[in-house]
Every structure is written in C-alpha cells, then in structure tokens.
Amino acid sequence: MIRAALVLSCALLTGCATAAPIRLPRASSNTSCTAPAPEGDLLLGVALSGGGSRAAIFGAAALEALGRLRVPEGGSVLEQIGYVSSVSGGSIAASYYAKDKPGREIPILTPAGDYTAEYEAFFRQFRERVAQNFQGPLIRRQLGSFRWLNSALMARSLEEVLEARLLGELSLGALSHRQLRGDIPGLLFNAALFNNGRRFIFTTMPADVVRYDVFADLRRSTVMREETVEFIPLSQRMWEDLMPLTPQDLRIDPCSMPVASIVAASASFPPWVGPITFYVEGQETYWHAGDGGLYENSGLETLFSVFLKKLQEKRTRRALIFAFDSSYPFAVGERLLDRRSEPFSLFTYDFTRIPGIMEQRAYAYNHLFFRMLRTLGVIPDVNTFRIMFLHHIDAQWRGDLSDLPEACRNDKRPLKTPTEVTERLAQIPTRLRIVSECDRQLLVTAAAKVVAQNRQEIEDFLAGVPSRERTAQ
C-alpha cells in the first residue's frame, strides 16, 4: 500500500512537472482584430531592447522622456509614435504601455509643456509596475507547483506571473482595438522560432507590414548607376529567411492570444526559461518560440524593415527610429573574464556569453551591410531615414555628480566619479528584478539624459533641418 502511494505521488508530481503545449485557434480568412499599419509623411518608431528588468525600467523611462519633447506642430512626440518594436525586457515595458496608456482624447502635455495630471499619474505607475520583482514570484511558483527546473514550465510560470502582476487577461486583439481607436501605436513583439531560426513577430498589424523587398531597391539603384546585376536564387532564399514570420503566416488567429504569453515568449531565454511550445488546432506542427534576443536583441531590425517598406512604397517621405538599447555591454563580460582565474562550472558559467559572441559578429556584419547599401544609394540617406541610437551607458554625468539620483548618495557602494557611474550602469545584470533602488533610479535618470543629450538632433530632424553628415550611420 505504501509503495503504491509513493508510485502514485511520483506520477502526480511528474504530471505537474510536464510541460504541455499551448493550443491556439486556427486563423480564418478574415482576421477581425488586425489594425492597419500607421502611415503618414513622417513616421516615428521606438525600438526597446532586451535586458530583463534593466530594459523594462529603461524603456519605460525612455518613453516618458520622449513624451516631454514637442513636435513642430506643438504636440508631444509620443502622439506621433506610430510603431513600437520590443524584445524581452523591452516587451514588458511595451506591453504595459499599450495596456494602460491613456486614450487619444487625453492630452499629453499642458500648454506650458508639462505632463497633464493623467499622464503624470500614468508614468509614475508605469515606472513602478515594470520595476517590480518578477523573479521572486517566478521562482516561488516553480517550486510551489512542483515544476522544479523544467525550463519550458519556467516560461509558463513567467506567463502566469506577468498575467497576475502586470497584464491581467489582456489579449492581442484588445490591443489591436486600442490601435484602431488611435490610442496606441502599432506593436511588434519580437521572439525567435527554434524550429527554423526565423524571427517571429507577434503584431497587431497585417503580416506583410515587415515584408521589405531589398531586391527591388537594389535593382533601382543599379539602374540609376547604369549598371546591371543578377541575383541568384540562393541570395533570394537567404533574404527570405531573414524576413520575420507572424502568427498569420503560421495560420494562427492572433486575436485571442494572451499578451502575457507573448511577452513570456519574447523573454524566454534558454536554458533557464523556455521556449514556449504551441500548436494550431487542426495542424500537426509544434512551434517553439523563445527569446527574441537570440535573433536580434535591439528590436531595431524589425522596424528597419517596416520603415524601408513604407519608403519603398512611397507611403511616407521620412522616417525616424529611436533605438533605446540597454543591452548588457559585451565589453563588461570581457573585463570580468580578464580577471577570472577559476575554470567554468555548470553553476558559474555565464550562458549569455554564447549568444553574445555570435551577436557581436552579427552586429558587425549587419552594420557593414546596411552602411554599404546606404553608400550605394539603395536605401535613403540620413535626412530621409535616420536611426538614433540611445544607450543607457551613453548618459553623461556631471563631474561633481550633482545630478546623481538621491538613492545613490547613501548607497552601500558609493559612486565618486562619472566613470564609476557609467560602469555601475553597465554592470547591472540581466535579471527579472533589480534589488538596488540606486540602480533603478540610475536607469530612469540615464533615459532622461540620453534623450536630452540628443534633443537638438531630434528637433532638427522633426523640423526637416538637413544633417551635415548625409551618409552617417
């Protein structure tokens, strides 16, 4: 009897610790919740990088800092943001922003240029909600439900924590309806499909919003230079593999998809978390979606394709992307390893170093590729299409540190120079919690600083003032 009870208990525990795929409805011929992609003479977009709670806090503060800037017509820059593309921790910020941002009928700025009471309250709560400790509840849920170290169930636990503490039962369809009303920008949550290595975009917009045809612009450029060029099938297949997939491409109805599941997939960094597995009713394929940072951690490449497509189709005249990047600096790991004498072990190995090495190489080729395209006239110059890179470690601090946040003045790790402040920002780890109030305030202040440091360039571009560096970036 005792042995039978033990066997039954083990079976029950095993059942609790077994991951099950998420069942999703099949798409119909007419997806009712898809909102049209924003258009206009000037397109503005925001890319929010991955980086756990560090990225979530920096992303929230970055949106708040942008909102204080005015466009030439007098309104807030936030009113003109048409797209937000996010990865991992950035998706935590983007999802809450889309969920609770006041509607379009609420003015953002007062005539004096300050936030209205509604937006002051919104951004105060925004910062507090995305800065909460998600990691503790995540671990407790794993242990308390006998899920133990199952990484797939860790992703499901993250989904449940995000639903309980941040997003509720919000669906992608509900966000699409908010976009249709003009309350929020078009959303692009970035993940990666383990099946085929493709970028996977959960979006409120049609599937073709990211389908940029680079070969059309290459042909146009060669004609202008009175040259000819042929593109072999292999090149076209490789470019196709770089184009992201959407739920519609997999015949998934996106309307009822829980946003908590989407954000959990975007933030599911293996081997500790995820990926999330799902399948479509009536199909035999199982799809495994994980951290978008495995493919590209800034969210920029997605917006790049969207805006180039709009420019190619003559649906916009100019475009600007604010790329808020709070990725963990690769050089920090190098400095730490330079001083490390101990060999690696399973419990001391930094798994993020593996994709970090590959990411460094990919970024280098990415930069060179698009720089050459710009030089050849394939893609527009910086007066037509510009990307503003805004890194958390680029914030400039006063020599006397009189601009240091109050929480850092009595911190256990006193900061004495601007270099030490930058180094501390750089070393904030990628986790789903930030323990130090000083670190939280440093991220918020850094976001305000990088926007202020680039304010003149932002205002000049919005006003159509030509850049001296026509081939920059």
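Helices here are DSSP runs of H or I with at least four residues, strands are runs of E with at least two, and both are numbered from the N terminus. By that count, the protein chain has 16 helices and 9 strands.

Before the details, the ground rules. This is a predicted model, where local features need pLDDT of at least 70, side-chain atom pairs count only at pLDDT 80 or more, and totals for chains, interfaces and linings use all residues. Residues are numbered from 1 along each chain as its sequence is written, and side-chain values use heavy atoms, with hydrogens and water left out.

Overall dimensions next. Along the principal axes, the C-alpha atoms of the protein chain fill a box of roughly 85 × 60 × 55 Å. The radius of gyration is taken over C-alpha atoms, and the globule rule is 2.2 Å times the number of residues to the power 0.38. For 473 residues a compact globule would come out near 23 Å, and the protein chain has 23 Å, so the two agree.

Helix H2 (residues 52-67) packs with helix H4 (residues 117-130) at an angle of about 170°, the axes being 9 Å apart. That makes H2 roughly antiparallel to H4, the term for angles over 145 degrees. Axes are lines fitted to C-alpha atoms, for helices over the stretch in contact, and angles run from 0 to 180 degrees between N-to-C directions. Which residues make the contact? From H2 they are Ala56, Ile57, Ala60, Leu63 and Glu64, and from H4 Phe123, Phe126, Arg127 and Val130, where contact means heavy atoms within 4.5 Å.

On to the rings. Rings of Phe, Tyr and Trp (its six-membered ring) pair if their centres lie within 6.5 Å, and the whole structure has 22 aromatic pairs. One aromatic cluster is formed by Tyr83, Tyr212, Trp239, Phe304, Phe307, Phe369, Phe370 and Phe385.

Pro38, in the loop between strand S1 (22-24) and strand S2 (42-48), touches residues including Tyr83, Gln179, Met205 and Lys310.

Two charges sit over rings, meaning that NZ of Lys or CZ of Arg is within 6 Å of the ring centre and within 35 degrees of the ring normal. The charged end of Arg318 is 4.6 Å from the ring centre of Phe461, and Lys449 lies over the face of Trp397 at 5.0 Å.

Last, backbone geometry. Gly274 and Pro275 are joined by a cis peptide bond, with omega about 10°. Pro275 belongs to the loop between helix H10 (259-266) and strand S6 (276-280). Glu226, in the loop between helix H8 (214-224) and helix H9 (233-242), is not a glycine, yet has a positive phi of about 55°.

Notes
Parallel < 35°, antiparallel > 145°, perpendicular 65-115°, else oblique. Phe/Tyr/Trp six-rings, centres within 6.5 Å; stacked < 30°, edge-to-face > 60°. Lists of a residue's contacts leave out its neighbours within four places in sequence.
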